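Welcome, and thanks for opening the viewer. Keep the selection tool at hand, and we will go from stop to stop together.

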Number of protein chains: 2
Amino acid sequence: MRGAAQLHSGGARRGGRRPDARRPRQGEDPGRDAIRPDLPPEGPGGRRNQRVRTRRPDRADHRRDAAPAQSPSAGAAGGVRTPGGRGGASAREELPRQGEIDARLGARVRRLRDVGEHAWIARFVRDLSSQRRGARIVVGPGDDAAVVRPGRRALLLTTDTLIENVHFRAGWVSPAALGRRAFRVSVSDLAAMGGGPTFALLAIEAPPRLAVGHLDALVRGFRAAAGASGAALVGGNLTAGSHLAITVALLGEAPGRIVTRAGGRAGDALYVTGTIGGAGLAVRRLRAGRRGRLPDPPLRLRAGRELAPFAHAMIDVSDGLVQDVGHLCRASGVAAELEAASLPLALGCRRALGEAAPTFAATAGEDYELVVAVPPRREHLAARLSPRLGCRLSRVGRLVAGRPGVRLRDAAGRVLALPRDGFDHFA
Amino acid sequence: MRGAAQLHSGGARRGGRRPDARRPRQGEDPGRDAIRPDLPPEGPGGRRNQRVRTRRPDRADHRRDAAPAQSPSAGAAGGVRTPGGRGGASAREELPRQGEIDARLGARVRRLRDVGEHAWIARFVRDLSSQRRGARIVVGPGDDAAVVRPGRRALLLTTDTLIENVHFRAGWVSPAALGRRAFRVSVSDLAAMGGGPTFALLAIEAPPRLAVGHLDALVRGFRAAAGASGAALVGGNLTAGSHLAITVALLGEAPGRIVTRAGGRAGDALYVTGTIGGAGLAVRRLRAGRRGRLPDPPLRLRAGRELAPFAHAMIDVSDGLVQDVGHLCRASGVAAELEAASLPLALGCRRALGEAAPTFAATAGEDYELVVAVPPRREHLAARLSPRLGCRLSRVGRLVAGRPGVRLRDAAGRVLALPRDGFDHFA
């Protein structure tokens, strides 16, 4: 244990099972989901000692994921609704822009530095301990390490990080939506292998000025998203830092075949789930100081699972279609031809950018859709599967022999110049 | 995949197995192990394109850990020697203090912003791919997620974070030692359950100004430490941030009984492995701008494994003995009495602080030793085991009935006032 800051530290045996641990917690307000950076967050003075009372269905499977109709459990699991790939963020619970909250609500807000690391963790662990333990969780949060019983399948492992001012800014997204986002961004990697999550670890770096209520909401959003995907949060870590950073590690399993990004072959058709360009446009707007709403990353677990049996290769689109298809090409040793006219553009992106929409959407990133390489003899299956995926499935191009690389062509077959391949943290 | 920055992204199939991938890499200089913050780091200009060529014994078990005599494999595994709980850091490879390196070596240093995220990852993944894959690693670094085959035992999961200016400062520790430290700090949690690591994920937040050579050395240090403990680095993530932060997630297994912190009972004797106070003293000196050397966290895997079969409870000491015993007490519902005269003080701590040494050592933190609660009828076994542990084992007090809490008493039985319980990130 470092910093005694493990979410799985302290109070496991005696601290758990408080008599009031199952009292239903206050609901959120999923209806007011527009991000309004200019609105001050509600002072959580009235929410003191608000505890996480999340219940999680204990041995949920991966099957409740994409469709809104299937996610009442998400509401039951933590009161945070995750309406099918779109953020249910309440303006009330936005992350504070520093200074703003200090000026307006300073005295009323309980911050991490007021509560202290160990008190927050002890309280949180107590609340996590109130969840029923399935046969697969031997030791849950509250010790040096969690102990879980995996199934007999191979395990999938992945980790991802969201950093303030890199992946989001204060005011762009509510704490609960940020927690959901952290989970979904990571889970996208498992979907792209044809698998789903089983256990999650959550390591948080938080500034001492952070309101405790926001941290609570963040973790609650994470847990609800995990629970709705059949995964349990079994441990974590909390440490002080200059900004907010969230690192997720996921364990998962695949019910069937595991698909890598390296199996693509010349001749395969390339399909994309959902739409692209919407999240990138929102980021661009928000960066420019305009109003916007960063959509929740879509949950493509079902699509990944259904497409895996006959896909040659899959990858998720996080840094832009061109760049991520490029990764697939390099891993597979092939090139790709994409057709601009076939890209499934988000409606807002097409409206806002017109002719520039395809090149923008192909390089903007933040989509978290899946790209799937399907061999020609299986293409009829892709079409047949489509209604079962919970999202669109669009044929956007194909893999061809040649030096790894990606070309985007217009309707006349001309190669379009791209402003960039996609997002690079350092370049 | 977020930010396409996964260490397990890109180039798995085609990129691996470069013809030169097994050429022995340049050695380090484990002899010069004093940290000298005033010394400028060597410009890595001559090390351009230096690749990670670490070989890792493929199916190593947990048995090579603590004793220096047993760690030639650590050298073979990555050229980084880990001499029994003490840092083999070379002054040549110190982390740069910003400004210093800019002023002196600016033009010669390749930084992350010069190389770019994807180029660094592609190179690193290629090098990782050159390691032999055991039957337990199905898909290693180079895809959306790693795929591993766990054994049939329950899994241990833990995560920890080291943050620049919180857990270390530039110049305190070499990049390789920082990588080792990140691994060992996390693995300490598994040792405290009686287990050992099998697979590791490494998520790095790095400033664009960071020299690529330093990042390479950090990851190399991590891999070597993991390899020497029988674990494989199977994935990770790289993202830009304002400072360096390292988040580790470990999977592990326990060969036998898993010990929590919640099983302690009144009457149990409390034992501590190794010595305490040495690391805390080093931190104090370094913070004051004096010369010092932050010791490597000790590796107590063997001690944990040997002690687990008859321990009622275990915890690792990261935030100070008093605080961590306090966690054990709260989890177990008992109190603890510690004897100041029995604490196994690090020699340097006793010399530097004299009479103040026990209270300092009991609250300083950074020790990563184990505290073990042993029932009275098993105490003779602890004494008999001692030679096999690879470290001292000292009886420091006992658990008693009462409200959870920890008292430190002097030889006359008086309760000593403590400056603090230990480290809290936010308090």
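A residue counts as buried here when its relative accessible area is under 20%. Please keep in mind on the way that this is a predicted model.

**Stop 1**

Select strand 10 of chain B, residues 369-374. How many of the residues of this strand are buried? The count is 6 of the 6, so strand 10 of chain B is largely enclosed by the rest of the structure. Now show the side chains: B:Glu369, B:Val371 and B:Ala373 point one way, B:Leu370, B:Val372 and B:Val374 point the other way, and all are buried. In a regular strand, side chains alternate between the two faces of the sheet.

**Stop 2: the neighbours of strand 10**

Strands 7 and 10 of chain B are antiparallel and share 4 bridges. To find one of these pairings, click B:Leu270, whose bridge partner in strand 10 of chain B is B:Ala373.

Next, bring in strand 8 of chain B, residues 313-317. Strand 8 of chain B also runs antiparallel to strand 10 of chain B, with 5 bridges joining them. Look here for B:Ala313, which stands opposite B:Ala373 of strand 10 of chain B.

**Stop 3: the whole sheet**

Zoom out and show the other strands. This open sheet of chain B has 6 strands in the order 8-10-7-11-9-12, with mixed pairing. Which strands stand at the edges? They are strand 8 and strand 12 (405-409) of chain B; each has a single partner strand, so one side of each is left without a neighbour in the sheet. From one strand to the next, the twist averages 25°.

For another pairing, select residues 335-339 and 393-400 of chain B, which are strand 9 and strand 11. These two strands run antiparallel and are joined by 4 bridges. B:Ala335 is found opposite B:Val400 of strand 11 of chain B.

**Stop 4: a helix across the sheet**

**Stop 5: Glu366 in both chains**

Go to B:Glu366, in the loop between helix 11 (357-364) and strand 10 of chain B. Is this residue buried or exposed? Its relative accessible area is 16%, so B:Glu366 is buried. Display side chains to see a polar contact of 2.8 Å between B:Glu366 and B:Arg181. Then pick B:Val283: its C-alpha is 8.6 Å from that of B:Glu366, although 83 residues separate the two in sequence. The phi angle of B:Glu366 is near 70°, a positive value in a residue other than glycine.

Move to A:Glu366, in the loop between helix 11 and strand 10 of chain A. Here too phi is near 70°, and A:Glu366 counts as buried at 14% relative accessibility.

**Stop 6: two helices in chain A**

Finish with helix 5 (residues 175-191) and helix 6 (residues 212-228) of chain A, whose axes come within 7 Å and cross at roughly 40°. That angle makes helix 5 of chain A oblique to helix 6 of chain A. The crossing is right-handed. To view the contact, select residues including A:Leu178, A:Gly179 and A:Phe183 of helix 5 of chain A, together with A:Leu218, A:Gly221 and A:Phe222, among others, of helix 6 of chain A.

Notes: Residues numbered from 1 in each chain as written. Chains lettered and ligands numbered in written order. Predicted model: local features only at pLDDT ≥ 70, side-chain atom pairs only at ≥ 80, totals over all residues. Heavy atoms only, no water. Pairing = 2+ DSSP bridges. Axes fitted to C-alpha atoms, helices over the stretch in contact; angles between N-to-C directions. Contact = heavy atoms within 4.5 Å. Buried < 20%, exposed > 50% of the residue type's maximum accessible area, 1.4 Å probe, protein only. Polar contact = N/O pair within 3.5 Å; in protein donor to acceptor, adjacent residues only side chain to side chain. Parallel < 35°, antiparallel > 145°, perpendicular 65-115°, else oblique. Left-handed = near helix turned anticlockwise from the far one by under 90°.
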